[in-house]
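Please open the structure in your viewer and keep a selection tool at hand. The tour below moves from one selection to the next and says what is to be found at each stop.

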Amino acid sequence: MPDSPKTIRRGDYAPPAFLIDTVDLDFALDPMATIVRSRLAFRRNPAAAADAPLRLDGEGLTLLEARLDGEALPESRRQLGADGSLTITDAPDAGILETSVRIAPERNTALSGLYTSGGNFYTQCEAEGFRRITFFPDRPDVMSRYSVTITADRARVPVLLSNGNPDGSGDAGEGRHWARWVDPHPKPSYLFALVAGDLVNVPDSFTTRSGRKVALNIWVRRGDETRCGHAMDSLIRSMKWDEEVFGLEYDLDVFNIAAVSDFNMGAMENKGLNVFNTKYVLASPETATDGDWQGIETVIAHEYFHNWTGNRVTCRDWFQLSLKEGLTVFRDQEFTADQGSRAVKRIRDVRGLRAAQFPEDAGPMAHPVRPDSYIEIDNFYTPTVYQKGAEVVRLLHTRIGPVAFRRGMDLYISRNDNQAVTIEDFVGAMQDASGTDLTPFMRWYDQAGTPELTVEDSYDPATRRYTLTLRQRTPPTPGQVEKQPLPIPVAMGLLDDTGAALPTRLAGENAAQPGTRVLLLDGAVQDFVFEDVPAPPVPSLLRGFSAPVRLKGVPQERLRFLAVHDSDPFVRWDSGQQYAAAFMLEQVARVQRGEAPGFAPALADAVANTLASADADPAFAAEALVLPGEGFLADQMEVADPEAIHQVRRHLRRQIGTHCGAALLATYQALTETGPYRIDGRSIGRRSLRNACLAYLAAAGEDGVALAAAQYRAATNMTDQLAALALLADAETPAREAGLAEFHAKWRGDDLVLDKWFSIQAMSSRPGTIAAVRALYAHPDFDLKNPNRARALIGAFASGNPLHFHDSSGEGYRFLADAVIALDPINGQTAARLIGPLGLWRRQWVERGALMRRELQRVLDTPNLSKGSFEKASKALQ
Ligand code: 0A1
Ligand code: ZN
C-alpha cells in the first residue's frame, strides 16, 4: 500500500496552468525499449493562476532528454517528482518542450499505457494511461492537436496505426519503416491511441450523408478475418443511425477498429482508432452465443457514438465521467431498441441495472452518478456511472419529451463542440431547449442510493374520485446520510377490472387523456387525484421503468392482474417478476424456519399462459419465463441467505418443469431450428425461449438432462451448445464430464470459447465447485495475466455463483482474496474490479460477514497494494 493514497475531490477542481496546443509524437517501437519523443507547444492558460509551474504527469518513464525552446534543460530546472511527474521551473509563458523517454511495452502487464499482446503493440490511455507513455498534463481539459510518427521493424510490425487520417509512410532503412498520422481534431490525451503489429484488415466503406467517403477497417490477428462481419455490419448501422436520429456524422476519412485479446475493459473510443477487446469484435455461429452477438452490436455502437458524446464534446474532469458514459449508454440503448424489440431491450437493460447497479447503490461503494471524490478513477467505471447515468438521461428525455430532447442535444453539441465540459452544460442545454426548469434533476447526479417508491390509493364512489398517493424515500449511503426527495417521473395508466385502459383526467384538467401519462413526483409525498373514475381502478405504474427506483408494496393480486392485462410490456414482465420474487422470498422465510418450500399453482399457470402465447413474441416470452435471479432476490433481503435462495429457486424450477412438462416439451420441440443460423431478433428470441424450456425440463429430472445432452451433441451453434453444456455442468450425469472434456478438446485453441468453458464450471451449483475452481485456477490454460480469462474464472465464480462463493466455510472468500492478491501486482485495475463481491458483507449473516471482512483485511495488509485495490478494500471494510 502506498503511504496514504491521496483522495481527489470534485470541489478542488482548478483549471490547468498550461495548455498544450499541439503535440508531435515520435515512436521508435521496440518491445523492451521503445523511445518516445514528444514536442509540445505550450502556453500559459489565461484562466489559471499566473505563477503556477509547468507540471507534466509521468509514470514509470525513463527520461532521456528534455529541451526547452531548442536548448537542453539543465537538471536544475527540471524536477522529477516521487510520483513520476516532471516539473519545469521558470517556464516561459509560451514555448516548445521536447522530451525523450524510454518505456518497455513488453513488461507492461497493467495494460495501461503502451503494451504488447501476442507480439503486437496497443495503447490504452483512459483514464490516466497517457502519462505512462510520455510526460504530459494528463487531464481531459487539456485538448491538443496531435501528429504521430511511428517507426518499427517492417517484417515484425508491418501495420502502423494512430488517430486521425494517414499522412504518409515510407522506408526508414535497416529493415524499418515509418508511418505518420495527423488528427485534425483537438482531443484530450486519454483519446490518444497507437496500434502496431502483424495485423490483417477487413475493409469496408461508408459514405456520410454529406458525401464524405469513410474507409472502414477492422484490424485483427491473421485467421480472425472471417469473424468480423457482424462487427462491421453493426458499425455501418450505427453510423447511419446516428445521422438519422441525432443528425451526427462521422468527421474523419478513416475509421479503424483494432481487436486485442488482452484488454482491461470492453472497448475504447480513441479518436478514429477504437481499440476493442476481441470479445466484442469476433463472432461466428460456431463460436459466439446470441448474447455475444448482441454484446458486439452494443459495444460497437457505444464506442462509435462516443465520437460525438465524449470525443468532440468531452469531460472537463473525471468526476464528469457520466457526461459521456451515461449519455452514450443511453444512445446505444436507443440504437438497439430501434434495431429490434424496444420492449425486450428495455427489459434486459432493467434486469442488468437491478443485477449490478442496485446492489452497488446499496453497498459500501455506493456513489452518486457524479462522484464527490475518488482515490483511483479506474474504480469509477461503474454500473452507477454508466447504467444509472443512462437512466438519468432517460428521465430527462421522459420529462421534456423526444422533440425537446433532440433540440437539447443539438444545442449541447453546438455550444460545446471541441470543449471539455460538465454535466451542468448538458442539463443546461436540455433546460434551454425545453424551457423547463431542470435544476431539481441535478440532484439525480449528486445523490447516491436507490429511491424507494411506495403507493397507496383510495377510491370514493360518491365523488368518483380516485386518489393515488406516491411516497419516496432514499436510504442513507456511506457519507450521505440525509437524502432529499428527487423529481421522479412516473409513467402510468389506470385499468378497469377487465384490464381495459381508462382515460385519465387529473383534478384541474379540462379533458381526459388516453393512454400512458407521466406524473411528476417531486416531493417526499404527493397526492394525485383523478376525476370521473367509474369504479376502483388498478394503477399501472412506472411504465417502461420511467425512473430507476424500487417500486414497493404493490399487492400480489394486482401484480398478477397487471402481468396479464397491462398494455405496457415492461409492466407486464415486471409484475410477473415481482409476483414471483415475493412468492420466492416467502418460501425463503419458510426454509429459514426449517419448513419445506411450497409451490404456487399461479406460477405454473403463468408459465402455461406464457407458453400458449409465446409465438407472438418469443423473446418476450423467454424473458417472462425466467425466474428472478439469486442475486436479485438477495438484493431484496436485509440479510441474504444464499443457500435458502438457491434451494427455493431450484425447487420452483423443478416444480414448474414437472407441472408444465408437456407444454414445455411441446414448445421446445416446435422451436427446433432446421434452417441456417440467423441472428435476427425473432431467431434469437426463438433460441432463448427454447433454451428456457430446456432449462426447466432439465430441472425436472433425468429426461430433461438427457434432452440437454442430446442438444449438446446435435448443436450447430454456440448458443445451443453452451446452453446445454451449462445445464450438464450443473447436473449429476456422465454426460457432464464427457461434454466438458469434449468441449475443451474442441475449443482449446480459441481463447474466447475457452473462457466460456471456465465460466460455466465456475458457476456450477454442484457440490465440490470450490475445489473445482481451485483446480481450474491451476489448469495449464488458465492465465491470470489475461483479463478475460481471469474474469471468466474468478469473476464468474465470485459474482455468478452466490451459493458457493458464500459457502459457510469461507473457502469461496479465501479463493477470491488469494486471486486478488496474486493479480494485484500484475494488473491492479482488474484486481480491484474483482473485489466487489467481498464488499457485501453487511448483507450476510454475522459469521459470514466476519469471514468476508477477514479476507478484505488480508487484501488490505498486502505489501505494495495498488491504489485501486486499496480503495476498494478499505471502503468495503468501512
Ligand atoms: N471509455 C470506455 C471504457 C474504458 C474505460 C477505461 C479503460 O481502460 C482503463 C478502457 C475502456 C467505454 O466506455 O467504452
Ligand atoms: Zn463509454
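## Stop one: a buried strand

Begin with strand β13, residues 159-162, where V159 and L161 point one way while L160 and S162 point the other way, and where all of these residues are buried. Bear in mind throughout that this is a predicted model.

Now widen the view to residues 108-191, which UniProt lists, in an unreviewed entry, as "domain: Aminopeptidase N-like N-terminal".

## Stop two: the zinc ion

Select the zinc ion (ligand 2) together with H302, H306 and E325, which coordinate the metal through NE2, NE2 and OE respectively, at 1.9 to 2.0 Å. Which arrangement do the 4 donor atoms around the zinc ion make? They subtend angles of 99 to 128°, and the arrangement is therefore tetrahedral, since four donors count as such if all angles lie between 85 and 135 degrees. For comparison, the ideal angle for four tetrahedral donors is 109.5 degrees.

Along the chain, the donors of the zinc ion follow the spacing H-x3-H-x18-E. Because H306 lies in the loop between α2 (290-305) and β22 (313-315), whereas E325 belongs to helix α3 (residues 321-339), the pair ties together parts that are 19 residues apart in sequence. Both H306 and E325 are buried.

## Stop three: a loop arginine

Move to R227, which sits in the loop between β18 (213-220) and α1 (229-246). Is this residue buried or exposed? Its relative accessible area is 13%, so R227 is buried, the cut-off for that word being under 20%. Leaving aside residues up to four places away in sequence, R227 touches V281, L282, A283, S284, T287 and D750, and showing these side by side with R227 gives a view of its surroundings.

## Stop four: an enclosed helix

Finish with helix α11, residues 618-625, which is largely enclosed by the rest of the structure because 7 of its 8 residues are buried. Those to highlight are P618, A619, F620, A621, A622, E623 and L625. To see what covers these buried residues, display α4 (342-361), α9 (569-592), α10 (601-612) and α15 (681-700), which are among the covering elements.

Notes: Residues are numbered from 1 along each chain as its sequence is written. Chains are lettered from A and ligands numbered from 1 in the order in which they are written. This is a predicted model: local features need pLDDT of at least 70, side-chain atom pairs count only at pLDDT 80 or more; totals for chains, interfaces and linings use all residues. Side-chain values use heavy atoms; hydrogens and water are left out. Buried means under 20% relative accessible area, exposed over 50%, partly exposed in between (1.4 Å probe, protein chains only). Helices (H or I, at least four residues) and strands (E, at least two) are DSSP runs, numbered from the N terminus. Donors are N, O and S atoms within 2.8 Å of the metal (3.2 Å for Na, K and Ca); water is not among the atoms, so sites may look incomplete. Four donors count as tetrahedral if all angles lie between 85 and 135 degrees; four count as square planar and six as octahedral if opposite donors are over 155 degrees apart and all others between 65 and 115; anything else is irregular. UniProt positions are given in the numbering used here, feature names are shortened, and annotations may be inferred rather than shown by experiment. Contact means heavy atoms within 4.5 Å.
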